[in-house]
Amino acid sequence: MLPGGLVVLGIFIITTLELADDFQNALRRLIFSVEKSINRKRLWTVTEEEVSERVILHICSSTKKLSCRTYDVHDPKSSARPADWKYQNRVLTSWLSLECTVHVNIHIPLSATSVSYTLEKNTKSGLTRWAKQIENGVYLINGQVKDENCDLLEGQKKSRGNPQATAHSFDVRVLTQLSLNSDHRSTATVQICSGSVNLRGDVKCRAYIHSNRPKVKDAVQAVKRDILNTVADRCEILFEDLILNEIPEKKNYELPQRVFVPLPGSAIMLCDYKFGDESAEEIRDHFSEMFDHEIQIEDLEIAEEVNTACITSSVKSEASPTNTSDEQPEPPSKTTVGLKIKQNIGAIAALAVAVLAAGISFHYFSD
């Protein structure tokens, strides 16, 4: 639901003042459970600079009085701390948007030796390796590489009379490295695989950053996290759909498309996902139920084309995440052994020459 740059700040509850204390323990467990659920599927790590406190806001239904408490979700033994709740003007409209389209072509081998791994676990492991490429990529903002510590709005004129004049979107392009740098050592490994998963397509990403002195590094971080989140979310939604609907085994599966809808009264757009067989009316009703606000079909923005990404598995036992195979991997065939010998013929020849040279030297010195 939340694009890059936006996080779950906390939860709120509306009750009478007498019932407020009765819900404190339940709310504390809920706020830690929400954070744990979010962390479970993250492909990125939280930085030390980020605020780890989450808010519990109680609104008295009779007096409308507000009571705010915070918990440090990084500390399981954290106790409630009182906090002030203040209102600010134009908070929802003071956001800058960053948009980019990322071409995804991720190849994930399915290990034949790890038979206990489901398709979902294998895919999560492969996405973790791909996430490092996204983290180490180069990000062009409006076609320029900017210093991460400089102001995102540097060089742009601000209008004092119209605070929303600078509220526009930035075009972001992502450049990933094709190979490691020369100072990085790489090791080739041979892995027996029973199949592979391929994620392909163009993914539409969108992130938001507040217009109050935004830094380039914060904008890039928001875009990175949206890229990683949207790919991981689509895989999770697909696996859940395979399990719940018992979709028959096939080679290609469509990953869900991303749909944006404006948050009422703000410049921010939230998102959800739809499969190709879901109608616009179903998506509209889903948004209306979550927002408790009437959403029009015209407000829906389907950001991508159909079949923008697919998942391909060549393993029958892995077509459904619930099925695992207890069969042991077959031993390498003669063809495979012959191929490995051909691939390493240079090393074998070098070893033979070294042995021959050692023998000649030994014979020479013995004489």
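Arg 284 is partly exposed, with a relative accessible area of 22%. Here buried means under 20% relative accessible area, exposed means over 50%, and partly exposed lies in between (1.4 Å probe, protein chains only). The side chain of Arg 284 meets that of Asp 285 in a salt bridge, at 3.3 Å from N to O. Asp 285 is partly exposed too, at 42%. A salt bridge here is a side-chain nitrogen of Lys or Arg within 4 Å of a carboxyl oxygen of Asp or Glu. This is a predicted model, in which local features need pLDDT of at least 70 and side-chain atom pairs count only at pLDDT 80 or more, while totals for chains, interfaces and linings use all residues. Residues are numbered from 1 along each chain as its sequence is written, and side-chain values use heavy atoms, with hydrogens and water left out.

**Salt bridges**

The count comes to 14 salt bridges.

| Pair | N to O distance | Relative accessible area |
|---|---|---|
| Arg 284 and Asp 285 | 3.3 Å | Arg 284 22%, Asp 285 42% |
| Asp 171 and Arg 173 | 3.8 Å | Asp 171 39%, Arg 173 56% |
| Lys 224 and Glu 135 | 3.9 Å | Lys 224 16%, Glu 135 32% |

Lys 224 and Glu 135 form a salt bridge. This pair links distant parts of the chain: Lys 224 sits in helix 3 (residues 216-245) and Glu 135 in helix 2 (residues 119-135), 89 residues apart. Helices (H or I, at least four residues) and strands (E, at least two) are DSSP runs, numbered from the N terminus. Lys 224 is buried, whereas Glu 135 is partly exposed. In the Asp 171 pair, Asp 171 is partly exposed and Arg 173 is exposed. Salt bridges also link Arg 40, Lys 41, Asp 233 and Glu 236 in a network.

Two strands pair if DSSP finds at least two bridges between them.

Strand 1 and strand 2 (residues 53-60) run parallel and share six bridges. There, Ile 11 stands opposite Ile 56 of strand 2. Strand 2 pairs with strand 3 (residues 66-72) in the antiparallel sense, over seven bridges. Val 55 faces Thr 70 in strand 3 as its opposite residue. The hairpin of strand 2 and strand 3 has five residues between the strands, and Lys 64 takes a positive phi near 65 degrees there. Strand 3 and strand 4 run antiparallel, joined by three bridges. Thr 70 has Arg 81 as its bridge partner in strand 4.

A second open sheet has three strands in the order 11-10-12, with antiparallel pairing. Strand 11 (269-274) and strand 12 (301-302) are the edge strands, each pairing on one side only. Strand 10 (residues 257-262) pairs with strand 12 over two bridges. Val 259 stands opposite Ile 302 in strand 12. Six bridges join strand 10 to strand 11, where Arg 258 stands opposite Tyr 273. Their hairpin has six residues between the strands, among them Gly 265, which takes a positive phi near 80 degrees.

How many residues of strand 11 are buried? Six of the six are, so strand 11 is largely enclosed by the rest of the structure. Met 269, Cys 271 and Tyr 273 point one way, while Leu 270, Asp 272 and Lys 274 point the other way.

**Cysteines**

The structure holds zero disulfides (pairs of cysteine sulfur atoms within 2.5 Å). Cys 100 is buried at 3% relative accessibility, and Cys 205 is buried at 1%.

**Surface patch**

Met 1, Leu 2, Val 8 and Met 290 make a nonpolar surface patch of about 290 Å². Patches are made of residues with over 30% relative accessible area and no salt bridge: like charges are joined within 9 Å, nonpolar side chains (Val, Leu, Ile, Met, Phe, Trp, Tyr) within 5 Å. Areas come from the Shrake-Rupley method with a 1.4 Å probe; for residues, only the protein chains shown count as cover. Val 8 lies in the segment before strand 1 (10-15), and is partly exposed at 33%.
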